[in-house]
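The sequence and the structure come first.

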Amino acid sequence: MFDFILRPIKRNIGRDKYHYRAIDDMFGFIPNNIELYKVALIHKSSSLTYENHVINNERLEFLGDAVIESVTSDYLFIEYPDYDEGKLTKLRSKIVSRQSLNRIASKIGLDQHLICSRALLATQKHLFGDAFEAMMGAIYLDQGYNFVNRLLINKIFTEYLSIEDVDEVENDFKSRLSSGDRRSITPSLSAHTVLVARVSVRWFLSTTSNRDTV
């Protein structure tokens with residue numbers, strides 16, 4: 001209701017204006033909890049450690065991966081009623097492949113905002129797809145499943161994904177990706193990285209401290 005008032009304010013005023021503007025430009029909305037999106041942009045190579053807590057986007061990536069797969073399954077089931085289980089599975093695998101998600105991330109400009117070791121960018125091109133998954137995890141937690149479902153189907157898939165082109169891809173890069181191929185690189189944190197993550201650390205600790213220890 002008040003989005004037309006809040007949008008210009010959050011985009012142009014305050015310490016988080018850069019992040020509000022980035023999310024709005026990429027996805028077309030203003031977040032409720034901006035801290036989720038800050039964490040989604042912190043790659044493991046630029047992790048922060050604070051009071052024995054490691055802060056990066058890996059947990060959000062895990063969540064976003066499941067969300068994207070669920071939405072994609074629903075989308076394909078409805079859009080392709082004549083496809084059997086095998087063909088649906090193959091097509092879904094290609095849509096959620098690292099190659100496909102990397103292309104989407106680059107097209108929406110997510111690659112310009114990822115906080116990551118520069119040395120890693122030259123050798124690991126899947127980083128942007130990982131960040132896209134983390135961003136979907138953040139959107140799910142912030143806005144809910146129905147919102148991220150509409151965002152992916154009505155905006156991301158419609159504007160940035162060609163099912164025909166995806167169907168021609170033969171390799172599922174996601175299944176081929178091995179953690180053993182990842183190089184160990186000591187992160188070099190910039191002043192911007194530390195500044196961005198400080199508030200995120202406080203948010204992260206406030207969420208974890210309220211949970212019971214199993």
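## Nonpolar core

In this predicted model, the largest nonpolar core has 53 residues. Those with the most contacts inside it are F27, F132, M135, M136 and I139. Two or more residues are given to this core by each of α2, α3 (34–40), α4 (58–79), α5 (85–95), α6 (98–108), α8 (127–143) and α9 (145–160). The largest share, nine residues, comes from α8. In soluble globular proteins, nonpolar side chains tend to be buried together.

F132 illustrates the packing. With neighbours within four places in sequence left aside, F132 is in contact with F27, I68, L101, I104, A105, I108, L110, L152 and I156.

## Helix α2 and the residue after it

Helix α2 covers residues 17–27, and its buried residues are H19, Y20, A22, I23, D24, M26 and F27. F27 is also among the residues with the most contacts inside the largest nonpolar core. Just after α2, G28 takes a positive phi of about 85 degrees.

## Aromatic pairs

The count of aromatic pairs comes to four. One of them joins F29 and Y37: the ring centres are 6.3 Å apart and the planes stand at 65 degrees, over the 60 degree cut-off, so the pair is edge-to-face. F29 is buried, with a relative accessible area of 7%, and Y37 is buried at 0%.

F29 also pairs with F147, with ring centres 4.9 Å apart and planes at 70 degrees, so this pair is edge-to-face. F29, Y37 and F147 form one aromatic cluster.

## Helix α5 and its N-terminal end

D84 caps the N-terminal end of α5, with a side-chain oxygen 3.3 Å from the backbone nitrogen of G86. The charged end of K87 sits over the ring of Y83, 4.4 Å from the ring centre. Within α5, the residues L88, L91, S93, K94 and I95 are buried.

## Salt bridges

Nine salt bridges are found in a search of the whole structure. Side chains of opposite charge can pair when their charged atoms come close. R11 forms a salt bridge with D25, and the closest N and O atoms are 2.9 Å apart. This pair links distant parts of the chain: R11 is in helix α1 (residues 3–12) and D25 in helix α2, 14 residues apart. R11 has 18% relative accessibility, under the 20% cut-off, so R11 counts as buried. D25 has 51% relative accessibility, over the 50% cut-off, so D25 counts as exposed.

K38 takes part in two of the contacts described here. The side chains of K38 and D16 meet in a salt bridge with an N to O distance of 2.6 Å. K38 is in helix α3 and D16 is in the loop between α1 and α2, 22 residues apart, and the pair links distant parts of the chain. K38 is buried, with a relative accessible area of 2%, and D16 is buried at 13%. K38 also forms a salt bridge with E35, where the closest N and O atoms are 3.5 Å apart. K38 and E35 are separated by about one helical turn, because they are three residues apart in helix α3. Both K38 and E35 are buried. Elsewhere, salt bridges that share partners join R7, R11, D24 and D25 into one network.

Methods. Residues are numbered from 1 along each chain as its sequence is written. This is a predicted model: local features need pLDDT of at least 70, side-chain atom pairs count only at pLDDT 80 or more; totals for chains, interfaces and linings use all residues. Side-chain values use heavy atoms; hydrogens and water are left out. Buried means under 20% relative accessible area, exposed over 50%, partly exposed in between (1.4 Å probe, protein chains only). Helices (H or I, at least four residues) and strands (E, at least two) are DSSP runs, numbered from the N terminus. A nonpolar core is a set of buried Ala, Val, Leu, Ile, Met, Phe, Trp, Tyr and Cys residues joined through side-chain atoms within 4.5 Å. Contact means heavy atoms within 4.5 Å. Rings of Phe, Tyr and Trp (its six-membered ring) pair if their centres lie within 6.5 Å; planes under 30 degrees apart count as stacked, over 60 as edge-to-face and the rest as tilted. A charge sits over a ring if NZ of Lys or CZ of Arg is within 6 Å of the ring centre and within 35 degrees of the ring normal. A polar contact is a pair of N or O atoms within 3.5 Å; within protein, one must be able to donate a hydrogen and the other to accept it, and residues adjacent in sequence count only if both atoms are side-chain atoms. A salt bridge is a side-chain nitrogen of Lys or Arg within 4 Å of a carboxyl oxygen of Asp or Glu.
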